[in-house]
Amino acid sequence: MPENPALKGTVDRIEETFAVCEMDGRIMQNIPLSAFTEQPKDGDIFDFENGVAVLKPAETAERKEEIQSLFERLKKKK
């Protein structure tokens, strides 16, 4: 087992020089944009380990599809 396992995070929003992120356990944390390996956008999922945030585009796309599917199902129930 790794000593410092990567935390999973989701970018909530971008504010000036940092990203406001929801981390494991629903804890909000400000992460400097300079910690990201590429420019994040709202809703991006990433791993955060040793001060480096690596975006996970496949996981982000999957999450967006799940949310869209749920939204479509909710619209049909009206």
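Visitor: What are helices and strands here, and how are they numbered?
Guide: Both are DSSP runs, with at least four residues of H or I for a helix and at least two of E for a strand, numbered from the N terminus. The model itself is predicted.

Visitor: Where is the place of Ala35, then?
Guide: Ala35 sits in the loop between strand 3, residues 27-32, and strand 4, residues 45-49.

Visitor: Buried or exposed, that Ala35?
Guide: Ala35 is buried, because its relative accessible area is 13% and the cut-off for buried is under 20%.

Visitor: What is Ala35 in contact with, leaving aside neighbours within four places in sequence?
Guide: Ala35 has contacts with Phe48, Gly51, Val52 and Ala53 once those neighbours are set aside.

Visitor: And how many Å apart are Ala35 and Val20?
Guide: The C-alpha atoms of Ala35 and Val20 are 12 Å apart in space, and the two residues are 15 apart in sequence.

Visitor: Now Asp42. Where is it found?
Guide: Asp42 also belongs to the loop between strand 3 and strand 4.

Visitor: Back up a bit. What is the secondary structure of the chain?
Guide: The chain has 1 helix and 5 strands. From the N terminus on, the order is β-β-β-β-β-α.

Visitor: How do strand 1 and strand 2 pair?
Guide: Strand 1 and strand 2 are antiparallel, with 6 bridges. They form a hairpin with 2 residues between them, and Glu16 in the turn has a positive phi of about 50°.

Visitor: What about strand 2 and strand 3? How many bridges?
Guide: Strand 2 and strand 3 run antiparallel and are joined by 6 bridges. This pair is a hairpin too, with 3 residues between the strands, and Gly25 in the turn has a positive phi of about 80°. Met23 stands opposite Ile27 in strand 3.

Visitor: And which residue in strand 2 does Thr10 stand opposite?
Guide: That is Glu22. Thr10 and Glu22 both line the largest pocket.

Visitor: What volume does the largest pocket have?
Guide: The volume of the largest pocket is about 200 Å³.

Visitor: Which elements give two or more residues to its lining?
Guide: Those are strand 1 (7-15), strand 2 (18-23) and helix 1 (57-76). Strand 1 gives the most, with 5 residues. The lining residues include Lys8, Asp12, Met23, Asp24, Ile45, Glu59 and Arg63.

Visitor: How does the lining of the largest pocket split by class?
Guide: There are 6 charged, 3 nonpolar and 2 polar residues in that lining.

Visitor: Last topic, the whole chain. What does its C-alpha trace span?
Guide: Along its principal axes the trace spans about 45 × 35 × 20 Å. The chain has 78 residues, of which 24% count as buried.

Definitions and conventions:
Residues are numbered from 1 along each chain as its sequence is written. This is a predicted model: local features need pLDDT of at least 70, side-chain atom pairs count only at pLDDT 80 or more; totals for chains, interfaces and linings use all residues. Side-chain values use heavy atoms; hydrogens and water are left out. On a 1 Å grid over the protein atoms alone, a cavity is a set of points where a 1.4 Å probe fits but cannot get out, and a pocket is an open set with protein on both sides within 12 Å along at least five of seven lines; lining residues have an atom within 4 Å of a point. Grid points are joined across faces, edges and corners, and a volume is the space filled by probe spheres set on the points. Ala, Val, Leu, Ile, Met, Phe, Trp, Tyr, Cys and Pro count as nonpolar, Asp, Glu, Lys and Arg as charged, and the others, Gly among them, as polar. Buried means under 20% relative accessible area, exposed over 50%, partly exposed in between (1.4 Å probe, protein chains only). Contact means heavy atoms within 4.5 Å. Two strands pair if DSSP finds at least two bridges between them.
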